[in-house]
Amino acid sequence: MASVRRPEHQAPPEIFYNETEARKYTSNTRMIEIQLKMTERAVELLTLPEDTPCMILDLGCGSGLSGETLTEHGHNWVGLDISSSMLSVALEREVEGDLMLGDMGQGLSFRPGMFDGAVSISALQWLCNADKKSHVPAKRMFKFFSTLYSCLARGGRAAFQFYPENSQQVELITQQALKAGFTGGVVVDYPNSSKAKKVFLVLFVGGQQQLPRGLGTAPGEKGVPGHVQYTDVRQRIKAARGKPLKKSRDWILEKKERRRRQGKEVRPDSKYTGRKRKDKF
Amino acid sequence: MKLLTHNMLTSKFMKGVVKGYPLGIVASEVKEVAVDYNPDFVCRMIPKLEWGSLCSAADSIGKLGDLPKELPENIESNQDFLKKVHHLLMEVEVISGNLICPETGRKFPINNGIPNMLLNEDEV
């Protein structure tokens, strides 16, 4: 990710998500797969009651990929997005939920207590940017979180997957959310994997609840399923061993090996390699 | 836009609006789509609805039918009534028209069934 410029640095969301970008969300299977996985996890974090059809708010619903997961779980949803191109893709896909064009930072326009939960996939980081002269990120975030707080029912939860650029952003977001009355915090899945690492903000309405544990952080739990484990282990063993003592046999062998790799002429290893010479010599 | 969503929408997020509810509907195109009937969901939603504003919204687009203006009792067992409410909430869609803020008269246009709730900078 580091080499690619972050989308929110390129243009405001309503301009960045134009028709070409929106098209990717129907044609690029890798993008679709990642989005679906993250939505599944977000729905899991909501811990909605089983077998009860709930009313869910999807913030930054885009082309309705996340909404389809909600529909599969038997919930009804209303989606909000700022990009009309993304919403037209959602219309084409004939998603079940109701769609709305709106800006999260201007506040949500719903009656209090209407939703049982809210999900948001890869949208929250956009609020950290000031795309217009009048935008103050902290203010917009507070307006967003306080209106969200009021439109969620008591006992409701909100799960946001987002890509924070740095730790200050995480701090800013959680600070504004807690100021708006939410409890909760950040859950990180697979914190040791650069690829599978996902950051979720889980917020509760009313009452302190136990924050769920991120995947891959429980003791005894090993890494990402389907990913190779070894790189980490190999490094650790090497670090524990350290470099061999100078002038020792190991050090000489390693040096010879290194020079052999460099293509230099090196005498073959034998049982005499690294031995002290006799005194009389 | 479904009438269920309309029932939840306000214009309170605008500057200077106190209640902003209910939003008026001026519809130029209304469509009916088929949605799976889920009695549990309808039962769960009815207590949360503003029944009066649902009736007036349905009336303004000419879809009220024979629904009572007052919410009847024992709704859980009244399948006929639940089906009618389901039809009204989920299956009637406003495709194009305007939502109107009751206090400022600000119009929120609906295109392709998507209401545009974006505000200008001076309205935030």
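Let me start at A:H135, whose side chain, in this predicted model, reaches the backbone nitrogen of A:D131 at 3.4 Å, and also makes a polar contact with the side chain of A:R140, again listed at 3.4 Å. This histidine is found in the loop between strand 4 (115-121) and helix 7 (137-151) of chain A, and because its relative accessibility is 16%, below the 20% cut-off, A:H135 counts as buried. If we leave aside neighbours within four places in sequence, the residues in contact with A:H135 are A:N129, A:A130 and A:R140.

Turning to the nonpolar cores, the largest has 72 residues, and those with the most contacts inside it are A:F145 and A:L148. Helix 4 (residues 79-91) of chain B gives the most to this core, namely six residues. With neighbours within four places in sequence left aside, A:F145 is in contact with a set of residues including A:L124, A:F160, A:I173 and A:L203. A second, separate core, of 24 residues, includes A:L48, A:L101, A:V119 and A:F200.

That brings me to the interface, where 29 residues of chain A are in contact with 30 residues of chain B, and where the two chains bury about 2600 Å² between them, 60% of it on carbon and sulfur atoms. Of the area that chain A buries against chain B, A:D98, A:Q106 and A:R111 supply 26%, more than any other three residues. The rule finds three salt bridges across this interface; A:D116 forms a salt bridge with B:R44, with the closest N and O atoms 3.1 Å apart. On the side of chain A that touches chain B, strand 3 of chain A gives the most, with four residues, and the residues of that side divide into 14 nonpolar, eight polar and seven charged.

Notes. Residues are numbered from 1 along each chain as its sequence is written. Chains are lettered from A and ligands numbered from 1 in the order in which they are written. This is a predicted model: local features need pLDDT of at least 70, side-chain atom pairs count only at pLDDT 80 or more; totals for chains, interfaces and linings use all residues. Side-chain values use heavy atoms; hydrogens and water are left out. A nonpolar core is a set of buried Ala, Val, Leu, Ile, Met, Phe, Trp, Tyr and Cys residues joined through side-chain atoms within 4.5 Å. Buried means under 20% relative accessible area, exposed over 50%, partly exposed in between (1.4 Å probe, protein chains only). Helices (H or I, at least four residues) and strands (E, at least two) are DSSP runs, numbered from the N terminus. Contact means heavy atoms within 4.5 Å. A polar contact is a pair of N or O atoms within 3.5 Å; within protein, one must be able to donate a hydrogen and the other to accept it, and residues adjacent in sequence count only if both atoms are side-chain atoms. Buried area is the accessible area (1.4 Å probe) that two parts lose on being put together, summed over both. A salt bridge is a side-chain nitrogen of Lys or Arg within 4 Å of a carboxyl oxygen of Asp or Glu. Ala, Val, Leu, Ile, Met, Phe, Trp, Tyr, Cys and Pro count as nonpolar, Asp, Glu, Lys and Arg as charged, and the others, Gly among them, as polar.
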